[in-house]
Amino acid sequence: MGSVELLKLFVIGLYLAGTILSLSGILVARKSLRSVGMACAVAGFALHTFDMGLVTSQPGNSLTAGAFYYSLFSWLLLLIWFLAWWRLKLGFLALTISPLALLFYISSLRLAPMHVTTPPTLLGLFFGLHIGALFLALALLAVSFGAGLAFLHLERKIKTKEPLTGFRKDLPSLSTFDRAVHWAVAAGFPLYTVGLLSGFFWAKLTWGKVFSWDIKELTSITIWFLYASLFYQRMVTGRQGRRTAILAIWVFALAMLSMLGINLLTPSHHSFTAVPL
Amino acid sequence: MNANIHLIGLNHRTAGVDIREKYALSSLEAFEKMLVHGPVREALALSTCNRVEILIVSDGSPAAADHVLHCWAEACSQPVSGLVSHTYIHENEQAVEHLFRVAGSLDSMVLGEPQILGQLKEAYRKAVESGTAKIVINRLLHKAFFVAKRIRSETGVASSAVSISYAAVALARKIFGELQGKRAMLIGAGEMAELAAMHLLGAGIEHICVANRTFARAEELAARFKGTAIPFDALYSKLPEVDIVISSTGAPTAVIHARDMKQVLKKRRHKPMFFIDIAVPRDIDPDVNQLDNAYLYDIDDLKEVVEENLAQRRDEAEKASTIVREEVQAFSHWLGSLELQPTIVDLLSSGERIAQRELQKTLRRLGPDVPEETRKALEVLVTSLAHKLYHEPIVYLKRRAREEGPAERFVHNVRRIFNLDEETVPEDAHVCRHKPSSLSGDQICQDKPQ
């Protein structure tokens, strides 16, 4: 086993430990477990960053490999989670983000490179505008998904007047979760728009047409409309609470369907293929 | 545990309010000074509306508890007989355990209420000021505060609200997070609603407006809460501006209807609202709770929350009791090792006294012209000499205590060797040893080690 493989195994081990400890720390309301889980996640993140640094420093178009996409998404998920933890004290997002980051990181190891014709001079631009912006938007959607789920759960408890037992007693307030949804949508939608538009621009440059009725493109447009509706409700009408939380959950679910289902299972410009075992 | 700690008291379980008010102590310092005589070496008294607790450290005389009861009755100008059937007397470990339970609020009427700890701290402060809290009480009270802190941080015994008004504030926090900047409206005036409003203000709410059918009453309440009074008819126009509504009118039908609230919520752009309905019959249409971003709790809902929280606290009290037992053991252990401490202190004080006496004699002999530096140097010399001379006996005592457990025998011998208790030795003490037949048995025993 080479040192790179060993590094990846360490990352998986730390993410797994971080996920299990964080989840059990939250569910049994034990702060020390949560802290150790967080420390594991941070250590895994540091190694993961180093791993990505190794990939980007390699010659050739390794950036366009499907493997790197999923690894990047996993890395961004954690980055956004750390930010949410730091700014909004939303450690509870570990419940959703931590397993997702682990899933995407493990998946990234099983993907074969996707063939994209990219002139090396435009690689950075393509990457920053299309992949970077879209993945950041999706990571923010993951935050609104996690916060939305927590909001709905806590709200149901308050509405039905059920006692708040166990970890629910330590949950932040409804307004904190709502603010997290708001923050993620406010930053995520413009990024998603930039990512989508740059994708069309890129398609024109590489394939000679803006839109090719590819299933991935159709799903992305649908997600954009739903995301736009969510953005409008939050930012323009000032709508808060349950309805926007539900919509955020659906938008994220659709985005994950697109990313895991369409990219892996359907033939399209964006297909990834799994490495045979 | 060889130290003689007694805790004598009465509380809400052993005495009705009529007895508690008769035997409440008003001037704790004076009472504590009155206690510290005869067998009682240290004392601390706590007197609240629910309990009177008197903690003493005595020389082991069985009369100590009686002495306390008499002083207590005398301080309250009441007969001792009135106390006897209502008081409990705990000794040593039991006393320590009881004190820890009181400090941790496990013995309170409302389990886990935080006030008792503050009252105990205040009582301790007074005992320190009056000079009746010394080595054992100092340590015991610090340990009690530590136990209370452990209970608070390691168990949920004080974590959930157990009064209607606090439960309402806790729910408001669960909905809004911090209450700073939030606005509330009080509709009608009831004691519980006013209390809830008061707690909300205490939790940082920005403003309270009051609506009442009698405008003068609304103004009166608004003045108390430093808020504004609004006419009852203007209630709906003000509702979009408030986040929390507390209602407690005597109206026979609902004052706030779900159909009207839809408009109100729309006007406030669906920002959340929390309704607390303390009125019976209810003032707020129960369907309000079905609206998005509107949360309604009536008096029964709040009572259920309180009941649930009380049950949780009772479960947590079990964990707290384990902590108390652990700490009682730790304190007993400390006390066992501490028995040397007064002897060591006495030994050093005795040495210093002798040194000072000899220093004064020497200075008198040297005359008034001794320079200040010389005087100071001599003082340092004699004190240091005294400490050094007593160093070895102290080390010896500590070693014996460490190696052989309770060091009573060695402590006793050292006290006698250095005459720390300043007993007068009869002139013919030596005679009694050599001519036992000429003296009574009592006199012989007097000189034998106990």
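Helices H8(B) and H9(B) lie oblique to each other. In this predicted model, H8 spans residues 164-176 of chain B and H9 spans residues 191-202 of chain B. Their axes come within 8 Å and cross at roughly 45 degrees; an angle between 35 and 65 degrees is neither roughly parallel nor roughly perpendicular, and so the pair is classed as oblique. The crossing of H8(B) and H9(B) is right-handed. On the H8(B) side, the contact is formed by Ile164(B), Ser165(B), Tyr166(B), Val169(B) and Ala172(B). H9(B) contributes Met192(B), Leu195(B), Ala196(B), His199(B) and Leu200(B). By residue class, this contact comprises eight nonpolar residues and two polar ones, with no charged residue.

Turning to the interface between the chains, 22 residues of chain B are in contact with 26 residues of chain A. The size of an interface is often expressed as the accessible area lost when the parts come together. For chain B and chain A, the buried area amounts to about 1,900 Å², with 45% of it on carbon and sulfur atoms. Three residues deserve a mention here: Lys174(B), Arg269(B) and Tyr295(B) provide 33% of the area that chain B buries against chain A, more than any other three residues.

In a salt bridge between the two chains, the side chain of Asp292(B) meets that of Arg239(A), with an N to O distance of 3.7 Å.

Notes: Residues numbered from 1 in each chain as written. Chains lettered and ligands numbered in written order. Predicted model: local features only at pLDDT ≥ 70, side-chain atom pairs only at ≥ 80, totals over all residues. Heavy atoms only, no water. Axes fitted to C-alpha atoms, helices over the stretch in contact; angles between N-to-C directions. Helix = DSSP H or I, 4+ residues; strand = E, 2+ residues; numbered from the N terminus. Parallel < 35°, antiparallel > 145°, perpendicular 65-115°, else oblique. Left-handed = near helix turned anticlockwise from the far one by under 90°. Contact = heavy atoms within 4.5 Å. Nonpolar A, V, L, I, M, F, W, Y, C, P; charged D, E, K, R; others polar. Buried area = accessible area lost by both parts, 1.4 Å probe. Salt bridge = Lys/Arg side-chain N within 4 Å of Asp/Glu carboxyl O.
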